[in-house]
Amino acid sequence: MGGGARGTPDSEIFSISGPSHLTSNDWTDSYHRTSVAASLVKGVYTLERDRQEKLIGSKSRAKPWWDFFHFTLLEILIDQQEDCIYGAVFEYALFNLHQNAPGVKLPPRYVIAFRGTNLGAETLVADVKLDLRCGFNTLHRAARLEHAIEAIKTMVVKYREPAMWLVGHSLGAGLALVAGKSMVKDGTLLEAHIFNPPISSIPLEKLLRSKRLKGMCRIAGSVVKATLAMVLKDLQVQEDDPKIASWIPYLYVNAEDPICSEYIGYFEHKTVMYMIGASKIERIGSRSSLRRRLWVGKRGTSSSSDLSTEPIHLLPSANMTVNRNKPTKSKSAHGLHQWWEQDSALRANWEICCVRPCSEDKSVKLLN
């Protein structure tokens, strides 16, 4: 699950493929914030590519991906088991110029970015193994995730700076999601920009065109999984965790991307189940992973404070951007580059959805 790992040689060069049209940053503009976040993730991809290709000094292609937006590289995150770069910490050099601006949405002072799958020879096997962990909801056991969470905690304790972002693409989006939820459990809410995140559900949004058939399949899936949970008496979690519900990450998905498109159906399904009075079945079913049971078996029961037993995509709240543009040869549905699209006509096909938890006194779940 990667989008910046393999491509044309030009895809690594910022002046050719990057959002170089953003000559000044408007941090109140969501498109600018999205473009910068995606660019920093691309910088991590390029750091690892430079390392594998032994490009150093003037031959290195990574620095412009953050330097153009006045960020500096504070730290490189290395997977010690695989000896590869999977993330980086950036600091915004101009943050103090915005700090005292009243009523203005602040830029991040620090950004912790995670790349997705790199198809290079040195990282292919390790990254694909982590992709499988995403599919089987066992990413929480990965040493890379543990290292990422420790790096985030260190940053939070060291700098005590609320203006801190988590950003990631594909596999890196999975790391950012789980790490972000882990930080929420510890009482720290970090702004997160999650690009093309993996989801363990079958991509019905991509496979089926009939809205009614997709809805029927999702309802049937919830009933089957909830029934299995009842048989195995794995029913301790009934309500959305209010702590997690208070965290509202920014999700970016493409309707044609089989890796992340089912997030659209996931949130729509939550709304439908609420409207027909079956929220309890949906909540139980969404927390029950059949693939995880086959992969690791049943090890105790889940609880609202146990992130290790729930799917990566389990989110009560999100601000989701859906790209409805059809992929082209030069612009893939899973590619990171789509999120700094310069053509405003194409950006007009982006849909913004605000997802919030349902309760007995609230009837609105998904607002376009």
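L124 is partly exposed, because its relative accessible area is 34% (buried means under 20%, exposed over 50%, and partly exposed in between, with a 1.4 Å probe and protein chains only). This residue belongs to helix α5, residues 124-135 (helices, H or I of at least four residues, and strands, E of at least two, are DSSP runs numbered from the N terminus). Together with L119, V125, V128 and L132, L124 makes a nonpolar surface patch of about 400 Å². Patch members have over 30% relative accessible area and no salt bridge, and nonpolar side chains (Val, Leu, Ile, Met, Phe, Trp, Tyr) are joined within 5 Å, like charges within 9 Å; a salt bridge is a side-chain nitrogen of Lys or Arg within 4 Å of a carboxyl oxygen of Asp or Glu.

The model is predicted: local features need pLDDT of at least 70 and side-chain atom pairs pLDDT 80 or more, while totals for chains, interfaces and linings use all residues. Residues are numbered from 1 along each chain as its sequence is written, and side-chain values use heavy atoms, without hydrogens or water.

The chain contains 14 helices and nine strands. Of its 368 residues, 53% are buried.

A search of the whole structure finds 17 aromatic pairs. In one of them, the ring centres of F14 and F69 are 6.0 Å apart and the planes stand at 85°, so the pair is edge-to-face (rings of Phe, Tyr and Trp, the last by its six-membered ring, pair with centres within 6.5 Å; planes under 30 degrees apart are stacked, over 60 edge-to-face, the rest tilted). F14 lies in helix α1 (residues 14-17) and F69 in the loop between α3 and β1, so the pair ties together parts 55 residues apart in sequence.

Two charged side chains lie over ring faces, with NZ of Lys or CZ of Arg within 6 Å of the ring centre and within 35 degrees of the ring normal.

| Charged residue | Ring | Distance to ring centre |
|---|---|---|
| K42 | W65 | 5.9 Å |
| R347 | Y31 | 3.8 Å |

Most residues other than glycine have a negative phi. H70 has a positive phi of about 70°; its place is the loop between α3 (64-67) and β1 (71-79). Phi of D83 is near 55°, and D83 sits in the loop between β1 and β2 (84-92).

Methods. Accessible areas come from the Shrake-Rupley method with a 1.4 Å probe; for residues, only the protein chains shown count as cover.
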